[in-house]
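I opened my notebook to jot down what I looked up in this structure.

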Amino acid sequence: MSLPVTTVSMTSSVVFGMYRNCRQCLSQLRGGPGTPNTKLEIFLSGLAGGVATVTVMSPGDIVKVRLQCQTESLRARKGANLPKPKYRGPVHCLLTIVREEGVLGLYRGALPLMLRDGPSYATYFLTYSTLCEWFTPTGKKGPEWTGVMLAGGVAGMTGWTVGTPMDVIKARLQMDGARDIKRYKGFVHCITETVRVEGSGVFFRSLGINCLRAFPVNMVVFATYELLVGFLRTQPDTIEPPKLEFE
């Protein structure tokens with residue numbers, strides 16, 4: 001988990017940064033700074049943030065998946081005459097993938113990752129924004145902290161409900177060929193083969209644990225986000241972009 005932990009701040013920075021800047025740009029295009037965003041603009045901004053995060057998330061994610069599967073495989077065959085583990089740690093795994101599969105090997109499963117995170121974050125931010133509006137008392141600019149945390153938790157569960165099927169495909173493509181056995185010819189073949197062998201229910205097999213994790217995690221995420229944005233905000237309603245001056 002050491003590599004994903006070191007990249008999680010970069011991933012969150014890209015997601016929230018892209019989301020917030022897209023919202024600001026769309027607001028300015030439609031009516032100038034401070035114009036409230038429509039639900040469609042919030043959805044598209046979240047979609048852009050989810051797609052952009054693949055650039056920094058994919059390498060750490062594939063390392064995590066391969067090391068976890070290697071550990072599970074060794075535990076399952078404990079006591080047998082096993083070969084030495086292929087990967088000695090996250091850095092060795094990263095370098096081995098680059099050496100054997102090239103730099104693009106770090107982005108194996110990037111398409112399902114993009115199809116997972118794009119719609120997932122779009123739904124995630126739209127749900128959070130909508131719930132915050134519902135929880136905002138009349139005459140107030142935003143909800144109380146309990147409303148922020150509840151909206152964040154529900155948004156996390158909603159996002160994972162949308163993203164779980166693609167998460168299954170992503171993990172299978174990332175592991176395909178790692179044990180010298182290649183089962184899938186590509187993205188579409190992975191989906192059709194998975195449905196043929198295991199049925200469509202397999203796509204939601206991990207939904208329960210994902211939602212159980214997502215609620216408390218995203219309560220903290222959005223509470224921290226709102227706290228820091230409020231602290232860093234230079235004006236009460238908008239964050240003005242830096243002005244460029246030319247002499």
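**Entry 1: a buried lysine**

I started with Lys 170, which counts as buried at 2% relative accessibility. Buried here means under 20% relative accessible area, exposed means over 50%, and partly exposed is in between (1.4 Å probe, protein chains only). A note on what I am looking at: this is a predicted model, where local features need pLDDT of at least 70, side-chain atom pairs count only at pLDDT 80 or more, and totals for chains, interfaces and linings use all residues. Residues are numbered from 1 along each chain as its sequence is written, and side-chain values use heavy atoms, with hydrogens and water left out.

Lys 170 sits in helix α6. Helices are DSSP runs of H or I with at least four residues, strands are runs of E with at least two, and both are numbered from the N terminus.

What does the side chain of Lys 170 join up with? I found a polar contact of 2.6 Å to the side chain of Asp 61. That term means a pair of N or O atoms within 3.5 Å; within protein, one must be able to donate a hydrogen and the other to accept it, and residues adjacent in sequence count only if both atoms are side-chain atoms. Leaving out residues up to four places away in sequence, Lys 170 touches Asp 61, Val 65, Gly 109, Pro 112, Leu 113 and Arg 116. Touching, or contact, means heavy atoms within 4.5 Å.

**Entry 2: helix α7**

Next I looked at α7, residues 187–198. Which of its residues are buried? I noted Cys 190, Glu 193 and Thr 194. Down the axis of α7, these buried residues fall within an arc of 105°, so they line one face of the helix. The arc is that of the directions from the helix axis to the C-beta atoms.

The buried residues of α7 pack against α6 (145–175). Val 188 and Arg 196 are exposed, on the face turned away from the buried side. After α7 comes Gly 199, with a positive phi near 85°.

**Entry 3: cysteines and the whole chain**

Last, I zoomed out: the protein chain has eight helices and zero strands. Buried residues make up 40% of its 247 residues.

Key
The expected span of a helix is 1.5 Å times one less than its number of residues.
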